[in-house]
Amino acid sequence: MEAFINPTLLAEQKARSRRSTLVFRLFAAAMLLAFVTMCLLTRTANARAMFIAMLASMIPAGMICILLYCLRVRPDRTAARHTKMLLDGAAETDEGEFRYAGGPVQIPGSVRVLPVSLQNGEESRCLFLDETLAEKMPAEGTRVRVQTVRRYITGAEILSGNENTAEQNARPERKRHPLLRQAFSMFPVFVLWAMAVAIFGGFIFNLITDTTAKYKVVIYADCTVSDGAELAARLEDALTAPVRMVKVHPFDYAMFGDEEIRSADLYIIPASRLEEYGGWLVPGGIPVYRPDGSAGIAPDYFGYQPDEEYDLYYGRASLHTAGNEGAVDNQAADVAERLLEIH
């Protein structure tokens, strides 16, 4: 009797499992390293581009990692575990006319098998054959003696009948492109992965590109703001430790209330709305735009209304304006001075 399951097969499967696991772990480690590198390279000026690059790389890389695990690592581990179970189990023998009883079936948590019927007179016994071992079985109708462990065929011997094997065996045909079908079946997992990358990556990048009020100077402008990240990067040259970040936002950036706006360090306010925001401001504005052209600070970044006058004010609640209650430094003035140099 030819034994299909033996220690040599188990050793080969374990070696294949180790190789696929190593490839998976190396790929996952490379993904993590790439993510950490992008985080370390992220600055105020390039944060948006780096976030897009992170999404564009981590989403497909994660999908590849999922495919590696589901299509190689897990099947290789399962095959080795299944073979060891058969080697350790008690073997039985049976004989009869060999027939396939249906197409491939996936045993949950185990291997794909072919149901087999062993007909012996009026008696019929249902057994299972690992799909990868089908080529070792003779053609249907052959009378065989089989060795089984827990109803899985582990060896076979032809007793009589057609001795043709693999090529002429009319066993159930495998589905075409099974790997492609499995990949498509994982589409919901890919969608969940993409969502997880966007949420978790966004959270991490927000931690990198934002900080508490003590370590940043925030400017709010009551007008449109273009390329605020670029302007912030230029203004950050004026900072000294521990303050490390400048943020430039339009007023409509704060969508869920004005609490964040009230605590800003610098404001660009039109004269027509000064009374509305007066309680937030330190009196004494610095001209940043005048319709007559006498002032025009950073016009490439701020969308001033041509018929309005705009002034720069320090915030009453700013932690970076000397003289305010609780102020820790006067770096809002340094940032304002640098801003006023941009024409």
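Strand 8 (residues 216-221) pairs with strand 10 in the parallel sense over six bridges, where two strands count as paired if DSSP finds at least two bridges between them. Within this pairing, Lys216 stands opposite Met245 in strand 10. Helices (H or I, at least four residues) and strands (E, at least two) are DSSP runs, numbered from the N terminus. The model is a predicted one, in which local features need pLDDT of at least 70 and side-chain atom pairs count only at pLDDT 80 or more, while totals for chains, interfaces and linings use all residues. Residues are numbered from 1 along each chain as its sequence is written, and side-chain values use heavy atoms, with hydrogens and water left out.

Strand 10 (residues 245-250) is largely enclosed by the rest of the structure, because six of its six residues are buried; buried means under 20% relative accessible area, exposed over 50%, and partly exposed in between (1.4 Å probe, protein chains only). Met245, Lys247 and His249 point one way from strand 10, whereas Val246, Val248 and Pro250 point the other way, and all are buried.

Helix 2 (residues 47-88) has 42 residues, which at 1.5 Å a residue should span 62 Å, and its end C-alpha atoms, 57 Å apart, agree with this; the expected span is 1.5 Å times one less than the number of residues. Helix 2 also has a kink of about 35 degrees, centred on Tyr69, the bend at a residue being the angle between axes fitted to the seven residues ending there and the seven starting there.

The structure holds 15 aromatic pairs. Rings of Phe, Tyr and Trp (its six-membered ring) pair if their centres lie within 6.5 Å, and planes under 30 degrees apart count as stacked, over 60 as edge-to-face and the rest as tilted. Two of the pairs are set out here.

| Pair | Centre to centre | Angle between planes | Kind |
|---|---|---|---|
| Phe98 and Tyr100 | 4.9 Å | 75 degrees | edge-to-face |
| Tyr289 and Tyr304 | 4.9 Å | 15 degrees | stacked |

Tyr289 lies in strand 12 (residues 286-289) and Tyr304 in the loop between strand 13 (302-303) and strand 14 (310-314), so the pair ties together parts that are 15 residues apart in sequence. Both Tyr289 and Tyr304 are buried, and both Phe98 and Tyr100 are buried. Tyr220, Phe251, Tyr267, Tyr277 and Trp280 form one aromatic cluster.

Gly279, found in the loop between helix 7 (274-277) and strand 12, counts as exposed because its relative accessibility is 60%. From C-alpha to C-alpha, Gly279 and Arg181 are 64 Å apart in space, and they are 98 residues apart in sequence.
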